[in-house]
Amino acid sequence: MAPPRAVTTVLAAATLLAGSWTAVAAADAPAPTATAQTVFGGEGPHPVATTVRTNPCQDSVYGMFQHIAVHLFGNRDDLTCTRAFPNGLESPAGVNTYYPADIADLGRAPLIVLTGGFESNPGQYDRLARQWAGNGFVVVIAYEWFNSLAYVPGAALAAAMLADRDPASPLYRRIDLSHTLFAGHSGGGQASLQIAALLPPVARAIDPELHVAGVLAIQPGPLAVGALINVPTLFLTGYNDFVVPDFAWVRWWQYNLTCNAPAWIANARGVSHFSVVDGIDNYLSAGTAVAWLRYLGFGDETAKSYFVGPDWQLPADRTYFSVERNALADGVR
């Protein structure tokens, strides 16, 4: 979700001011412990295979505007883009796939369907997709510039299912559809919440193996309602996010209304709306995202400890200004 060009400078100034508030809040943070970022924030143990090729976003005029905007909001690394229109002359719609290069030795891998934000280019999520694939997941990114409604992750899921059934594909019978996770940022976050509400009742009719294990909603857009979600959901917000502020819809009619499924919400210090497309070392919730995905995708006990049980670790993670979970999440064991 890109900021209006006319307000970029004003929002950037507000972001700098918020940095001083963050410093004050950090003084009251819990004593240092092992954060999810230090435990899960790395590239992952598996080499990554993909046909996706990226280049600096500033190679195009449109990409240059995006590049300037995210740096005004505090991003450190340069944006990467594919040549999908309007960042180039390739098709504006498609599906990009990433997977562990050693997947033939791993058995079946959980699936992550990742949807980027409104006005984004899929190459801007290349670093995140590589991190997740390096942790043993198959990752598919559908895109069509708008990236804000359920049909976009639906298209990526369909592409993954076709690859799993295609004997000529390296992913033939390698995708574990019983552990399918939807993840999205901004407009893609709301699209992920939408499909997570629509798909579970009909999933078995589409494929007997298909099961939605959960959702990762990163600073999602407003067009989704928590009361419709029936699968475990983690909402990640940013203290410096003035596009999707933690105190707005993501809390009031998304997290707070998630009454039919376990839900968590974590508000990270120093994270703006565009930190997710920064380098994974600079996106301070990257490790928490991996922990969530590994918990639901693999049943990783270390990852699980950040979210589950009376002594769950995320509240003590100094990355976060605030962390909450609902009553159903309290009951998960």
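What follows is a conversation about salt bridges, contacts and accessibility.

Modeller: Please keep in mind that this is a predicted model, in which local features need pLDDT of at least 70 and side-chain atom pairs count only at pLDDT 80 or more, while totals for chains, interfaces and linings use all residues. Residues are numbered from 1 along each chain as its sequence is written, and side-chain values use heavy atoms, with hydrogens and water left out.

Colleague: What makes the pair Asp 164 and Arg 108 a salt bridge?

Modeller: The term requires a side-chain nitrogen of Lys or Arg within 4 Å of a carboxyl oxygen of Asp or Glu. The N to O distance between the side chains of Arg 108 and Asp 164 is 3.2 Å, so the pair meets that criterion. The two residues are 56 apart in the chain, with Asp 164 in helix 5 and Arg 108 in the loop between strand 4 (94-100) and strand 5 (109-115); helices (H or I, at least four residues) and strands (E, at least two) are DSSP runs, numbered from the N terminus. Arg 108 and Asp 164 also belong to a network of salt bridges together with Arg 173 and Glu 209.

Colleague: Why is Asp 164 called buried, and why is Arg 108 called partly exposed?

Modeller: Buried means under 20% relative accessible area, exposed means over 50%, and partly exposed lies in between, using a 1.4 Å probe and protein chains only. Asp 164 has 2% and is therefore buried, whereas Arg 108, at 35%, falls in the partly exposed range.

Colleague: What makes Arg 174 partly exposed, and which residues does Arg 174 contact?

Modeller: Its relative accessibility is 26%, so Arg 174 is assigned to the partly exposed class. Arg 174 is placed in the loop between helix 5 (151-165) and strand 7 (175-185). Leaving aside neighbours within four places in sequence, the residues in contact with Arg 174 (heavy atoms within 4.5 Å) include Ile 103, Gly 107, Arg 108 and Asp 164.
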